[in-house]
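Here is a short briefing to read alongside the structure. Please keep the viewer open as you go through the points.

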Amino acid sequence: MADWNAADVAYMRQALDLAWQGRFSTAPNPRVGCVVVCGGQVVGQGFHVQAGEAHAEVHALRQAGAAARGATAYVTLEPCAHYGRTPPCAQALVDAGVARVVAAMRDPNPLVAGKGLMMLQAAGIETAFGLLEDEARALNRGFLSRMERQRPFVRLKTAISLDGKTALADGRSQWITGAAARADVQILRAESCAVLTGIGTVLADNPRLTVRDFDTLRQPVRVVLDSGLRLPENSVLVQDGLPTWVATLSDDVERFSAYPNISIIKIEKDNQGRVDIGALLAELAARGVGELLVEAGAAVNTAFLQGGWVDELVVYQSPKLLGDAARGAFTLAQNPDVLTREAEWQTVSVQVLDKDIKWVLRKNTADEQPCV
């Protein structure tokens, strides 16, 4: 482990803050920031904005110009060493003449996986990694989940009343929470690569599942669990022209051939005759989805929970009381041992949003959680 001084830590924190600015736009690429320092002064800085465009190191080196020679570059992820839509950043650092590169973490992408650091070392550049690695991993938990677990990081969001209900008995569910909570959900969507719901929610609410409160460089893909391919052709998800992927067991896919925004994903059955969620998550990861937001009803929520697919729960709770006949967020069987066992979920944060609260929870175990 390298000996980090206070300046190293400060510059890497600056690089992490820069990387965070790309949280709505970099997918499927990771969020990366870079700070170039020479003589104790920041001479260049940048972050990756969007896939296909210049990486963080390139932005920082362009700003630094000749001052990059002999400098130290702090970067939140190992510089890439391969040609993709852009040239390798490791070579750009070599060409700029930097003397030292500090990476927060190695890149688990098989196309990189240590090759970037090796390219720098071969050019005589001093390298180190591991500075603020936990923070760097948290920043890119979706990308890391896709690379290390071959599935997205799954965040399940639900809005409930004070008595734990999500809708009235007749299915009406709008306005459980207030404007501040609903605006916060827009941020969750913008951070996500894809938003998943079930066909029941589509048929009941005809949702858009888009980011609408602020401008963003990309919209999340909408994913619908629809075993029988019942998605109405007049639904918003079909008619608005934005990308929608429909996971189904049905072979009747020609019905949507006239809609280029609709992509049918044929998935195998699980042991209950439904779309196999594990197989779907693997397919989503293969398509570049690193962070998946689940916004669905009780049946889909329960399937994700029971399958162990949920990494993070985000619960928006209103002080309203909907009554015993109202619908719950989950349909879990009663477990008499639950009171005596340690809680499966632990609180990460609680935030007051006007009259509502936002409650974030994660699994109370490190198992299968390498990306957090």
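The notes below are grouped by topic.

This is a predicted model. Elsewhere, the model holds three aromatic pairs and two cavities of 30 Å³ or more.

**Annotated positions**

- Cysteine 80 sits in the loop between strand 3 and helix 3 (89–96). With a relative accessible area of 8%, cysteine 80 is under the 20% cut-off and so counts as buried.
- Setting aside residues up to four places away in sequence, cysteine 80 touches His55, Pro87, Pro88, Cys89, Ala90 and Val112.
- Cysteine 89 belongs to helix 3 and is buried, at a relative accessible area of 1%. Beyond its neighbours within four places in sequence, cysteine 89 is in contact with His55, Glu57, Val58, Pro79 and Cys80.
- Not counting residues up to four places away in sequence, glutamate 57 touches Cys34, Val75, Leu77, Pro79, Cys89 and Leu93.

**Aromatic rings**

- The structure has three aromatic pairs. In one of them, the ring centres of tyrosine 11 and tyrosine 74 are 5.3 Å apart and the planes meet at 40 degrees, so the pair is tilted.
- That pair links distant parts of the chain, with tyrosine 11 in helix 1 (residues 6–20) and tyrosine 74 in strand 3 (residues 72–75), 63 residues apart. Both tyrosine 11 and tyrosine 74 are buried.
- Phenylalanine 256 and tyrosine 259 form another tilted pair, at 6.3 Å centre to centre and with 55 degrees between the planes. Phenylalanine 256 and tyrosine 259 are both buried.
- Arginine 287 lies over the face of tryptophan 245, 5.0 Å from the ring centre.

- The largest cavity is lined by 19 residues, and the closest to its centre are Ala27, Asn29, Arg31, Phe143 and Glu291.
- Helix 6 (residues 141–148) gives the most to this lining, with four residues.

**Backbone features to look at**

- Most residues other than glycine have a negative phi, and most peptide bonds are trans.
- Alanine 27 and proline 28 are joined by a cis peptide bond, with omega about 10 degrees. Proline 28 lies in the loop between helix 1 and strand 1 (33–38).
- Asparagine 206, although not a glycine, has a positive phi of about 50 degrees. You will find asparagine 206 in the loop between helix 8 (199–205) and strand 9 (221–225), where the residue is partly exposed at a relative accessible area of 34%.
- Leucine 229 likewise has a positive phi, near 50 degrees. The loop between strand 9 and helix 9 (236–239) holds leucine 229, which is buried with a relative accessible area of 6%.

Conventions
Residues are numbered from 1 along each chain as its sequence is written. This is a predicted model: local features need pLDDT of at least 70, side-chain atom pairs count only at pLDDT 80 or more; totals for chains, interfaces and linings use all residues. Side-chain values use heavy atoms; hydrogens and water are left out. Rings of Phe, Tyr and Trp (its six-membered ring) pair if their centres lie within 6.5 Å; planes under 30 degrees apart count as stacked, over 60 as edge-to-face and the rest as tilted. Helices (H or I, at least four residues) and strands (E, at least two) are DSSP runs, numbered from the N terminus. Buried means under 20% relative accessible area, exposed over 50%, partly exposed in between (1.4 Å probe, protein chains only). A charge sits over a ring if NZ of Lys or CZ of Arg is within 6 Å of the ring centre and within 35 degrees of the ring normal. Contact means heavy atoms within 4.5 Å. On a 1 Å grid over the protein atoms alone, a cavity is a set of points where a 1.4 Å probe fits but cannot get out, and a pocket is an open set with protein on both sides within 12 Å along at least five of seven lines; lining residues have an atom within 4 Å of a point. Grid points are joined across faces, edges and corners, and a volume is the space filled by probe spheres set on the points.
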